[in-house]
Amino acid sequence: MATLHTRASARLMMAPAVILLLAWMIVPLGMTLYFSLLRYNLLMPGMESFTGLGNYVYFLTDPAFGTALANTLLLVGGVLAITVIGGTGLALLLDQPFFGRGIVRLLVIAPFFVMPTVSALVWKTMLMHPVNGLFAWIARSLGFAPVDWFADLPLLSIILIVAWQWLPFATLILLTALQSLDEEQKEAAEMDGAGAVSRFVYIVLPHLARAMTVVVLIETIFLLSVFAEILVTTNGGPGVQTTTITYLVYMQALLQFDVGGASAGGIVAVVLANIVAIFLIRLIGKNLDR
Amino acid sequence: MGSIVLDNVSKTFGDAVVIPAIDLDIADGEFVVFVGPSGCGKSTLLRLIAGLEDVSGGRILIDGEDMTETPPARRRLAMVFQSYALYPHMSVRGNIAFPLKMAGLASDVVERKVADAARILNLTDYLDRKPRQLSGGQRQRVAIGRAIVRDPVAFLFDEPLSNLDAALRVAMRLEISELHQQLKRTMIYVTHDQVEAMTMADKIVVLNAGRVEQVGSPLELYRNPKNLFVAGFIGSPRMNFLSGEAARKLGAATIGIRPEHLALSTSDGLWEGKVGVAEHLGSDTYLHLTIDGVGPLTARMSGEFAARPGETLRIAPEAGKIHRFDDKGMALS
């Protein structure tokens, strides 16, 4: 099938798509790299000058940078933990036969279709609002003082909102993985004397490892760039308590009009994302080569 | 210690009756084969004994003890599944050790038992491999190893050889028979292949649509089938059935004659038939003949038998080897 001739023509036919995608990536990256080396503020047009690594020094020594880095990692880690553990639990429940399973499955998927700004607004005003929110009402009717979520627990609030959005994704992937588990394997384990917990630990969990890897990798890519939820709810505050690297870059570029500094921040974010990626692939990537 | 008694056991799925009501005694150390066409309920029956399905009625006694409501793990039975059901992420060692680990045995005991089982099944060199790195026959042996280490009162096999190629199937058949000689434990074996049933069993249970058609030793079933179903199911090639004039002469609705009990010659015989197809196996020759007014007939001749398609031969059934059946399909004595 794959003769030299067909391979050459396949390459030729793939070339336009590959070249387009490559340009799509290389041009913005190159421009960002170039801008990151300039003193370039939109408030002072025409005054661009070369500063070397000055923007990087400025961005990395920003007192908000350390917090932003920690917040980013906490956000990604927290959401991953909630979605993987919660998703496994939900998938196990949805795998059981019960009345109305089809409708329940559909409802579970629903949050994934709500756009981030909308879901963040719904959580902010309908659920977590200290006066009008549902959580406040529940707390008051039970006799507790309502929690002012975005003032007292801002990062946790954002983690909860984002986790709510990504839980369906994790559930869906893990549910399909669960359904592909050979029924005879579970029966064999049952005959071998494994109880429900042992069956889960020794048979189901190893089977899910691969799907979990996929969930973690895909979610990490998207979670590193969470932005809308922060902008709509806390604006990075109070102080810098919910400022992530992404949000810090936004502040540089569009609040301080510092294109050079924002570009440097962007490059730092790219480097960080790659470090996380390498770390993840090393840690869990071996689950994928099967 | 490994006797199993089914007392009026039945199974229904909703309105569908899969197994009406079965009584069966399996003695300790016996090799029993459940055989029947697909969908006859033989696997369901095995799963009822294993406890993987709940019985709808009746009792199951294992070693004299009522185990009808006992969960599968505590019935002290081991099962080998059709798909082997090996745990893919565990090594061969891990797979074999799993039931022992679940039983909470000390690691040195586990290690010794795994080594013993591996030696019996020639798996010692493969203990650190994963199931996907093994051939079909080796996977089969791992599945058996996982069953052996539990030291069960009885082994249950659910069509264990159906995923193997023909040559390997014959070899594994022999291995399982040898294992039975060695362990002297009760074994219940489900298959749709009557050759496996005939070669391995001490006792064959022929099932059809959930009913037990006949229980007996392989040769009993071969010699004295109780009805048309058993007569047609046991033996290969299939028994020839003739009805009409030929049967009425012998006072039966249908007569059956096995292909190996027909003698062919050019000179004398009861019927005259024309050769359709001749299958030469070397050791045997199968001849598919057509007899005017009687129907098609298969004859099995030992050794090489020269016959060309279209040739006319005389056919003589061996005296005393004709089975007679009444109009309900039951054997007449």
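**Entry 1: ground rules.** I began with a term for the sheets: two strands pair if DSSP finds at least two bridges between them. Helices (H or I, at least four residues) and strands (E, at least two) are DSSP runs, numbered from the N terminus. I noted that this is a predicted model, where local features need pLDDT of at least 70, side-chain atom pairs count only at pLDDT 80 or more, and totals for chains, interfaces and linings use all residues. Residues are numbered from 1 along each chain as its sequence is written, while chains are lettered from A and ligands numbered from 1 in the order in which they are written.

**Entry 2: strand S17 of chain B.** With the pairing term in hand, I went to S17(B) and found B:Lys274 opposite B:Thr312. Strand S14 (residues 271-280) of chain B runs antiparallel to S17(B), and 4 bridges join them. I also looked at strand S13 (residues 262-265) of chain B, which is likewise antiparallel to S17(B) and joined to it by 4 bridges. Here B:Leu262 has B:Pro317 of S17(B) as its bridge partner.

Which residues of strand S17 (residues 312-317) of chain B form its covered face? I listed B:Leu313, B:Ile315 and B:Pro317 there, with B:Thr312, B:Arg314 and B:Ala316 on the uncovered face.

**Entry 3: another sheet in chain B.** I then traced an open sheet of 4 strands, S2-S1-S4-S5 of chain B, with antiparallel pairing. Why is one side of strand S2 (16-26) and of strand S5 (65-66) of chain B left without a neighbour in the sheet? Both stand at the edges, each with a single partner strand, so there is no neighbour on one side. Strand S4 (residues 57-62) of chain B is joined to S5(B) by 2 bridges and runs antiparallel to it. I found B:Ile62 bridged to B:Glu65 in S5(B).

**Entry 4: chain B as a whole.** I counted 9 helices and 19 strands in chain B. Its C-alpha atoms fill a box of roughly 75 × 45 × 30 Å, taken along the principal axes. Of the 333 residues in chain B, 39% are buried. A residue is buried if 20 or more other C-beta atoms lie within 10 Å of its own, exposed if 12 or fewer, and partly exposed in between; C-beta atoms are placed from the backbone.

The domain assignment, which is automatic or from a database, gives chain B a domain 1 (4-231) and a domain 2 (237-332). Their C-alpha centres lie 37 Å apart. The contact takes 5 residues from domain 1 of chain B and 8 residues from domain 2 of chain B; two residues are in contact if their C-beta atoms, placed from the backbone, lie within 7 Å.

**Entry 5: where the chains meet.** How many residues does each chain bring to the contact between chain A and chain B? I noted 13 residues from chain A and 15 residues from chain B. H9 and H10 of chain A each supply at least two residues of the side of chain A that touches chain B. H9(A) gives the most to that side, with 6 residues.

In helix H9 (residues 183-191) of chain A, the buried residues include A:Gln185, A:Glu187 and A:Met191. Their cover includes helix H10 (196-223) of chain A, along with helix H1 (42-50) and strand S6 (77-80) of chain B. After H9(A) comes A:Gly193, with a positive phi near 90°.

**Entry 6: chain A in the record.** UniProt (unreviewed entry) places "domain: ABC transmembrane type-1" at residues 69-280 of chain A. UniProt positions are given in the numbering used here, feature names are shortened, and annotations may be inferred rather than shown by experiment. I found residues 69-280 of chain A to be 76% helix and 0% strand, with end C-alpha atoms 17 Å apart.
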